Amino acid sequence: MSLIVQKFGGTSVGDAERIRNVARRVVASQRAGHKVAVIVSAMAGETNALVALAKELGGDAPDPREYDALISIGESKTIALLAMAIQRLGGRARSFTGAQMGMLTDTAHTRARIQSIATERIRQVLDEGGVAVLAGFQGIDEDGNVTTLGRGGSDTSAVAVAAALAADVCEIYTDVDGVYTSDPNLVPAARKLERVSFEEMLEMASLGSKVLQIRAVEFAGKYRVRLRVLSSFEEEGDGTLITFEEDEKMEQAIISGIAFNRDEAKITVMSVPDRPGIAYAILGPIADANIDVDMIIQNASVDGITDFSFTVHRNDYQKALGIAKKVQAHIGAKGVVGDNRVCKVSMVGVGMRSHVGIASQMFRTLAEEGINIEMISTSEIKISVVVDEKYLELAVRVLHKAFGLDQPA
Ligand code: ADP
Ligand code: ASP
Ligand code: MG
């Protein structure tokens, strides 16, 4: 008898009929002889609605404790509904909130990290032949405060539960039938991958492919959780397996996928004196304000003067711009400019390690479409460019075609 963890995302539990459908699938898996723990998200749109309410009543900086207490409740609703639906089908089910299942996290509200999961109560339900229905996204800190794991965090709850239970597989059911070469909702020619290596999935998730939250992929890597992405609407199909071994059967494409992120903003501090300590003088206060910096570029200096650019999440743009302007006066730079209408497009593939010329082909493809590249960053298995957001769709589509991603591997 195998133990399966199944996670259903927001769209998959979007209304009563869909919850009933999930209940049917879960009961079918159980009747096929498996022990099943299910993690669910809030019903589609619920978390966004709660976030909007928090803004309305709490302003731009609501108390993080109360904010988490509020935005976590969508999941509490879904677990009870799903448990009822399973019971209605004749199955046994018991729901648990994050606190009830002992999902202990640190205290970093809105982006808490899981520290441990007390699995006894879950195991007891499974051993008694029931389905454990668990709230994703929520945790609790040592002092009993409710925490949340960051948007998309139910994926991470699922993988963490799978690791804690030593489950045979963690199945992520969503509104697409697997991981594609790019977001199928933006690129109609995108192709489903049968397998994707863990390393590539990690890059894709970190570069904006929200099909899996990055921490879920990290967890899967750390605890070697067998992870599969599948459709919650289609009965057939094997979805996409995230593999750890690069076996012969792996698709040998140089590029496996194209990810993008619309939430970027760029800030440039102009005419900065090029001396030791400048990067720290600019980025130190940004880090102190808890703002994550992504790309950083410092140009070669001319006559001891250079430009210094970096990108941040669009939500942090105004705050970061304000800080940069304050710093500018201190360090004797000439000015600060910013642009929050940029996006990042990234090509990912382990094949880049053994192939040269990928970057130049990427730049040529974008140049032929008249797309200006504003920033570039590379690592062993990815190349990212920042471009004007109006070119996002065009850039992704032409790269997808130029690198043959629409052709079967
Ligand atoms: P859920 O609510 O089930 O967690 P998400 O909306 O978080 O679902 O993630 C699924 C979405 O991820 C898809 O609808 C798709 O638009 C998007 N996506 C982005 N990149 C990819 C990709 N490479 N492959 C598949 N889906 C992707
Ligand atoms: N409901 C949360 C969100 O919308 C968590 C999740 O769906 O994974 O971000
Ligand atoms: Mg998600």
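Which residues in α7 meet which residues in α9? In this predicted model, Asp 155, Thr 156, Val 159, Ala 160 and Ala 163 are the ones on the α7 side. Facing them from α9 are Arg 215, Ala 216, Phe 219, Ala 220 and Tyr 223. Sorted by class, the residues of this contact come out as seven nonpolar, one polar and two charged.

As for how the two helices lie, α7 covers residues 154–164 and α9 covers residues 214–223. Their axes sit 8 Å apart, and the packing angle is about 15°. Angles under 35 degrees count as roughly parallel, so α7 is roughly parallel to α9. The crossing of this pair is left-handed.

Helix α9 has another partner, α8, which spans residues 198–206. Here the packing angle is about 160°, and the axes are again set 8 Å apart. With the cut-off for roughly antiparallel being over 145 degrees, α8 is therefore roughly antiparallel to α9. The crossing of α8 and α9 is left-handed. On the α8 side, the contact is made by Phe 198, Met 201, Leu 202, Ala 205 and Ser 206. On the α9 side, Ile 214, Val 217, Glu 218 and Gly 221 take part. Counting up the classes for α8 with α9 gives six nonpolar, two polar and one charged.

Next comes the pairing of α2 (residues 46–58) with α4 (residues 73–88). These helices pack at about 145°, with 9 Å between their axes. In this case α2 passes α4 in a right-handed crossing. From α2, the contact draws on Glu 46, Thr 47 and Leu 50. From α4, it draws on Ile 73, Gly 74, Glu 75 and Lys 77.

Leaving aside residues up to four places away in sequence, Val 51 touches Tyr 67, Ile 71 and Arg 151. Gly 304 is another story: 253 residues along the chain separate it from Val 51, and the C-alpha atoms of the two are 46 Å apart.

Some of these names turn up again around ligand 2. The residues surrounding ligand 2 are Ser 41, Ala 42, Thr 47, Glu 75, Phe 137, Arg 151, Gly 152, Gly 153 and Ser 154. An N or O atom in the side chain of Glu 75 is 2.7 Å from a nitrogen atom of ligand 2. Arg 151, which also touches Val 51, has a side-chain N or O atom 2.7 Å from an oxygen atom of ligand 2. For Gly 152, a backbone N or O atom is involved, lying 2.8 Å from an oxygen atom of the ligand.

Ligand 1 has 17 residues around it. Which of them come nearest? Those are Thr 174, Asp 175, Tyr 180, Asp 183 and Asn 185. A polar side-chain atom of Thr 174 lies 2.6 Å from an oxygen atom of ligand 1. For Asn 185, a polar side-chain atom is 2.7 Å from an oxygen atom of ligand 1. Lys 210 also makes a polar contact, with a side-chain N or O atom 3.5 Å from an oxygen atom of ligand 1.

Terms used:
Residues are numbered from 1 along each chain as its sequence is written. Chains are lettered from A and ligands numbered from 1 in the order in which they are written. This is a predicted model: local features need pLDDT of at least 70, side-chain atom pairs count only at pLDDT 80 or more; totals for chains, interfaces and linings use all residues. Side-chain values use heavy atoms; hydrogens and water are left out. Axes are lines fitted to C-alpha atoms, for helices over the stretch in contact, and angles run from 0 to 180 degrees between N-to-C directions. Helices (H or I, at least four residues) and strands (E, at least two) are DSSP runs, numbered from the N terminus. Angles under 35 degrees count as roughly parallel, over 145 as roughly antiparallel, 65 to 115 as roughly perpendicular and the rest as oblique. A crossing is left-handed if the near helix is turned anticlockwise from the far one by less than a right angle, and right-handed if clockwise. Contact means heavy atoms within 4.5 Å. Ala, Val, Leu, Ile, Met, Phe, Trp, Tyr, Cys and Pro count as nonpolar, Asp, Glu, Lys and Arg as charged, and the others, Gly among them, as polar. A residue is near a molecule or strand if one of its heavy atoms lies within 4 Å of it. A polar contact is a pair of N or O atoms within 3.5 Å; within protein, one must be able to donate a hydrogen and the other to accept it, and residues adjacent in sequence count only if both atoms are side-chain atoms.
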